[in-house]
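Please open the structure in your viewer and keep the selection tool at hand. This tour names what to select at each stop and then states what is found there.

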Amino acid sequence: MEYSKRIQVFEKVRARYSVFLLSVLWKLTGDKELFTEAMQYALLGIWQHVEKLNSKKAGAYIYRIALTANSRAWRNRIGRDGELAKSRTNVDTDHGLLIVGQIHDKENKSEWVAMVRQAIARLPFKQGRAVVMRYLEQQDYKTVAEKLCCTEAGARSHVSKAIATLKSRLTAFIQQE
Amino acid sequence: MNDKNIEEILKKVAAEDIPADVHKIAQQVSADFSKTLMQTRKQHILWEHIMRSPITKLAAAAAVIIITIVLSIVVSDKLANPAYAITDLPRLFEEAKVIHVEGWQYFPNHRMPDGRKIPPVEIDNWIDLENGQSRMTGAGLSVDKNGVRIMIAETISSGQYKLSLNHTDKNATFFKISDYQRMLTANRTSRLIRGQVLGVIEQLENFKKVGQEEIDGVKYDIWLGEFLGPVRKHEYTHRLKIWVCPDTGELARTQIWRNVEGSGWELEADYETSYNVEIPNGVFEMTVPQGYVAVNTKEQAIPMELGGGGVGYSDDKYSLSLRPEISFTMRDGSVLLGWSSADSKSKTPPEEPFLGLEFGGPLPKLPVEICGLRPAGISISVTYTGYHLAYTQKAGKFIEWSIFVPDGTPLASVEQFGYDAIYRFNLEPKPKWTIGLTAEYGLLIETAEDFDKWVLGAMAELSDEGKAPTGLTYERVLRLAEEVRKSPTQ
């Protein structure tokens with residue numbers, strides 16, 4: 001594709017998905033610096049795969065791009081020891097109140113929410129996409145199934161597997177604490 | 001912690017309002033990105049833009065992870081046991097039908113005049129081994145006192161033709177390639193890719209597992225190996241880091257680091273490699289991009305000359321050229337080299353040095369004589385002495401075919417670094433010319449079929465008659481090497 005045409009298509013695709021990326025990446029990162037990084041990766045992903053995003057299968061690709069961008073941003077954030085750099089977490093502490101009896105102080109609550117987000121970033125693609133669609137975009141299972149090209153039961157299975165994966169990872173985190 | 005807790009957290013996260021300044025960040029990132037796209041056609045500048053963006057404070061690790069799409073190697077069915085051994089990796093590379101290498105090439109050894117690092121160049125190489133097609137990116141530097149110029153070129157080979165795109169000077173040239181060259185290119189390309197990604201293949205057993213990392217939900221072992229480089233002797237100059245899935249042997253990522261004198265380990269290449277993936281439409285399309293000067297058309301394609309780059313020298317007495325045309329390494333470690341040397345100012349007939357030569361005898365007294373070889377870039381002293389095998393002639397040029405027999409055990413490093421030429425001038429007075437010339441390891445000749453296909457094929461290619469000299473066989477050449485080894489002088 002000619003470069004100028006490619007830029008035109010890129011701008012069209014970016015405009016089409018800007019709200020989606022803003023919403024999903026913010027919910028997945030919850031942190032301005034991480035969000036910025038993920039947004040840059042997402043734009044680079046759009047630029048690299050602009051032809052695919054201008055096709056009928058664009059819907060599937062944009063999720064892949066968003067989730068990959070999020071996962072890369074998180075990977076860059078994780079220290080060599082595999083743990084989050086605590087000084088760099090900056091999330092809304094209110095979410096931590098939902099954790100029952102495990103984490104008490106405010107700093108740890110915010111870290112806990114960050115851990116949930118970090119765990120999402122490490123989910124396999126289909127599970128990650130199912131979680132984003134079902135919970136962050138609040139779509140019903142019928143819509144999730146249509147977008148994942150599977151049955152409703154299959155969609156439920158992806159979501160429940162994702163929750164189970166998250167649970168096991170978070171439980172491991174609690175035990176470490 | 002139960003499922004409900006997690007679901008509740010997710011619902012709360014979903015209900016969260018997006019702060020106004022996050023909207024602004026998104027707008028600014030998008031605007032900056034679009035602006036950069038408008039300013040340049042080079043993606044490496046995008047990289048530079050990202051790294052300099054005032055609102056970005058990427059972690060140090062992020063600097064090397066701009067493109068990290070995890071693609072899998074299709075592990076061959078031949079691997080009965082899915083648990084990999086690190087030494088299986090070269091095999092995985094060789095079993096691929098399609099190879100895609102995507103990543104960045106850096107220039108750790110050089111700096112911009114103001115001391116900044118040179119921006120990396122994006123590498124996006126496709127090789128269709130099954131159909132003999134390839135699209136390769138090449139990058140080079142021109143460094144002088146006025147600054148640094150990055151040269152980027154791409155070569156698309158498909159069928160009988162090769163299109164060379166010079167992205168720096170914006171021109172395009174078509175070449176026509178023979179069947180022999182097509183076979184050779186496919187083979188070399190595969191080796192090049194393998195070398196780009198895996199570095200010194202034969203030293204893979206030096207690797208140690210240094211950690212684990214989860215990428216997109218898949219856990220990868222991280223392996224690290226350090227290698228002796230070609231220039232600084234007895235010192236580890238290269239470091240190779242690869243991410244491998246312990247269950248399947250899938251390779252997710254490769255980094256090559258260089259130990260730069262004075263500044264330590266710096267990234268030289270960061271690649272992702274995938275195998276047997278679908279080739280996008282148009283990858284091997286031979287179209288001259290808009291805005292590029294077409295040096296010729298497909299119909300006017302220039303016949304591609306076999307052979308590598310040569311060296312030259314000129315003064316008021318001489319106009320010398322020396323060119324290694326093609327080289328092969330025999331299974332016993334001997335090297336077969338086709339080479340040419342000429343002095344265009346000389347009045348001596350060019351065929352004269354070849355008169356009276358014998359198989360296994362001394363080399364022709366050409367103006368510059370490649371009388372020996374030694375392993376490139378290492379201090380261990382193994383010398384390869386040259387003997388005449390045959391000669392061919394093409395378009396007025398004489399090509400000497402010699403065998404170089406080592407006086408010790410051949411080193412594994414030659415596969416990666418090749419051989420330095422040992423030369424002498426058969427001229428008086430001797431020109432004030434210092435030559436640095438390396439012959440490639442070339443293809444490994446292990447059987448009589450290899451010899452007939454590749455060595456005799458090359459001789460025929462470099463002959464006006466399209467035929468190799470008679471009487472040359474694999475067994476005869478191996479026997480000669482053995483006799484040389486047993487001789488007292490060796």
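Helix axes are lines fitted to C-alpha atoms, for helices over the stretch in contact, and angles between N-to-C directions run from 0 to 180 degrees. Helices (H or I, at least four residues) and strands (E, at least two) are DSSP runs, numbered from the N terminus.

The model is predicted: local features need pLDDT of at least 70 and side-chain atom pairs count only at pLDDT 80 or more, while totals for chains, interfaces and linings use all residues. Residues are numbered from 1 along each chain as its sequence is written, chains are lettered from A and ligands numbered from 1 in the order in which they are written, and side-chain values use heavy atoms, with hydrogens and water left out.

**Stop 1: two helices of chain A**

Select residues 125–136 and residues 141–148 of chain A. These are helix α6 and helix α7, whose axes come within 10 Å and cross at roughly 145°.

Now display the side chains. K126(A), R129(A), A130(A), M133(A) and R134(A) of α6(A) meet Y141(A), V144(A), K147(A) and L148(A) of α7(A); contact means heavy atoms within 4.5 Å. Among the residues of this contact, five are nonpolar, none is polar and four are charged. Here Ala, Val, Leu, Ile, Met, Phe, Trp, Tyr, Cys and Pro count as nonpolar, Asp, Glu, Lys and Arg as charged, and the others, Gly among them, as polar.

**Stop 2: W26(A)**

Select W26(A), which lies in helix α1 of chain A. Is W26(A) buried or exposed? W26(A) is buried, at a relative accessible area of 5% (buried means under 20%, exposed over 50%, and partly exposed in between, with a 1.4 Å probe and protein chains only). Leaving aside neighbours within four places in sequence, W26(A) has contacts that include F35(A) and R117(A) as well as I18(B) and P19(B).

**Stop 3: salt bridges**

Side chains of opposite charge can pair when their charged atoms come close. A salt bridge is a side-chain nitrogen of Lys or Arg within 4 Å of a carboxyl oxygen of Asp or Glu. Over all chains, the whole structure holds 16 salt bridges.

Select E51(A) and R6(A), which form a salt bridge with the closest N and O atoms 3.0 Å apart. This pair links distant parts of the chain, 45 residues apart: E51(A) is in helix α3 and R6(A) in helix α1. E51(A) is partly exposed at 35% relative accessibility, whereas R6(A) is buried at 13%.

Next, select R156(A) and E152(A), joined by a salt bridge of 3.9 Å, N to O. About one helical turn separates R156(A) and E152(A), because they are four residues apart in helix α8 of chain A.

Move to chain B and select E325(B) with K397(B), a salt bridge whose closest N and O atoms are 2.9 Å apart. Strand β15 holds E325(B) and strand β19 holds K397(B), 72 residues apart. E325(B) is buried at 1%, and K397(B) is partly exposed at 23%.

**Stop 4: a helix of chain B**

Finally, select residues 448–461 of chain B. Of the 14 residues in α7(B), 10 are buried, including F451(B), W454(B) and M459(B).
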